[in-house]
Amino acid sequence: MKIYIDPDECTGHGRCYRLAPDLLTYDDEGYVSIRGQPIEVPKDQIEFAQEAEGTCPEGAISLIHED
Amino acid sequence: MTTASESIEATVDREVRCPVFHQDFSEEKPLGSYWALADRLREQGPLYFNSFAQGYWIFTRYDAVRDIYKNPEIFSSESITPWDPEPIYRFVPTQIDPPKHIKYRRILNPWFSPRQMDAAEPMIRSICRRLVEETAPLGRSNFVQEFALRYPTEAFLGVIGVDLAHADRFLVWVEDFFRGFGGDVEGQQGMADALQSIRQYWVDALAERRNDPAPREGDLASYLLGADYDEERPLTDEERLDMLTVLVLAGLDTTRAQLGYMFRHLAMHPEDRRRLLDEPELIPSAVEEVLRFYTMIFGDGRKVTRDLEFHGAQLRKGDMVYGLVSAANRDPRVYERANEYVIDRKKNHHFGFASGPHRCLGLHLARREMQVAVEEWLRVIPDFWLATDSVIMERGGGAMTAPLDMPLEWEPVA
């Protein structure tokens with residue numbers, strides 16, 4: 001699974017990187033640091049990636065499932 | 001509601017095809033009345049027209065509120081108070097629309113970023129600790145007029161580099177401003193006077209710093225004197241004043257209100273106090289849930305920029321709309337257990353800090369202040385309760401609600 005943060009939608013609420021601190025972090029302005037490119041989610045982080053996706057008030061986070 | 005009907009009232013000169021009522025949302029009511037009103041409106045229908053002032057649309061459900069926030073090119077922030085389409089103030093960047101908006105935000109974002117808050121936390125904590133230690137031996141506090149007003153004021157002034165000795169002046173101005181901001185006609189003069197006083201404070205502060213040989217470290221006014229708009233030109237004094245003034249108004253009263261609602265909950269729920277003492281890692285989600293369930297944002301206004309149909313309303317250019325944040329935050333269509341305070345809620349995409357480009361600039365500061373307040377208060381005063389059986393009133397929900405009173409008691413701590 002990959003997680004993708006839409007750079008046009010993220011406004012830096014910071015709820016995702018609080019719930020998934022080992023997967024996501026912030027830049028100097030408070031946006032998610034890696035935006036606009038899919039990030040591989042390690043198996044032990046899947047639960048946190050799902051929580052991050054569900055908590056974003058901007059709908060900026062999508063999870064990409066690969067078969 | 002004072003009046004509600006499916007028919008069109010005489011005050012509305014067009015066919016709005018939704019229930020119409022006439023209500024002043026600035027009235028003081030028993031605490032919780034505005035959330036209950038929001039719940040009732042949302043479950044009775046998605047759309048209303050309030051004929052109060054010039055008249056405006058009210059959207060009650062999560063999806064519509066989200067779509068207002070996410071479409072700033074349609075829903076302008078030129079006015080954010082739906083009963084006042086031509087306000088006497090201009091907040092920057094609050095009332096600036098994209099694409100200019102982000103250029104102002106980029107100047108301010110680093111001052112209120114999570115990284116900056118990490119750096120400021122020891123200062124914030126020491127202010128909090130001092131105030132808790134002063135309060136603990138008294139065994140009582142009128143929480144929202146004492147601790148919950150002074151603490152965020154001092155913390156905010158510390159973050160932007162203002163002498164904490166000036167805090168008392170800001171406390172008075174903020175109180176006076178918000179008496180008028182909710183739409184209360186009698187408060188209008190006080191609001192204008194308070195705005196003028198805050199502005200004058202910054203006029204003087206900028207004058208004092210203008211001839212400094214070097215910028216003052218950690219001093220926002222000093223920083224703005226050297227800041228550029230879009231790497232193109234220096235900010236104008238007008239812009240600097242508009243920015244500094246809105247920060248004061250946005251940063252102090254709001255946190256006070258949310259702290260008030262949070263500590264009321266903790267006073268009434270010993271099991272949640274106990275849980276946060278045993279599991280302090282839950283404090284951030286407990287704070288986030290306060291911002292959803294006990295939001296002090298009754299609603300958020302925007303001005304329509306073109307004719308369109310939107311969630312069942314025929315909007316015209318120049319109309320005002322009101323996204324009922326308090327209703328959206330408890331919308332059972334998007335939340336499980338929407339009408340419960342769930343201390344460890346994870347999926348919490350609430351609009352307590354708005355959404356879209358205008359999401360609250362100070363949210364990282366506000367959260368940090370609330371988290372630190374819970375930690376420091378519970379450490380010294382683990383048990384406390386509401387010291388009154390009478391009804392606590394809240395300021396009207398026109399702009400933002402706030403408990404007017406919050407008497408807390410505990411066994412005095414030496």
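So, helix α5 (residues 147–160) and helix α10 (residues 253–268) of chain B pack at an angle of about 135°, their axes 8 Å apart. Helices here are DSSP runs of H or I, at least four residues, and strands are runs of E, at least two, numbered from the N terminus. Axes are lines fitted to C-alpha atoms, for helices over the stretch in contact, with angles from 0 to 180 degrees between N-to-C directions.

Bear in mind this is a predicted model: local features need pLDDT of at least 70, side-chain atom pairs pLDDT 80 or more, while totals for chains, interfaces and linings use all residues. Residues are numbered from 1 along each chain as its sequence is written, and chains are lettered from A, ligands numbered from 1, in the order written.

Okay, on to a strand. Strand β4 (residues 47–50) of chain B is covered on both faces. L47(B) and F49(B) are buried on one side, Y48(B) and N50(B) on the other; buried means 20 or more other C-beta atoms, placed from the backbone, within 10 Å of the residue's own. In general, side chains of a regular strand alternate between the two faces of the sheet.

Who are the neighbours of β4(B)? Strand β2 (residues 20–21) of chain B runs parallel to β4(B), joined by two bridges, and strands count as paired with at least two DSSP bridges. There, V20(B) sits opposite F49(B). Strand β5 (residues 56–59) of chain B pairs with β4(B) antiparallel, over four bridges, with Y56(B) as the partner of N50(B).

How values were computed. Buried ≥ 20, exposed ≤ 12 C-beta atoms within 10 Å, placed from the backbone.
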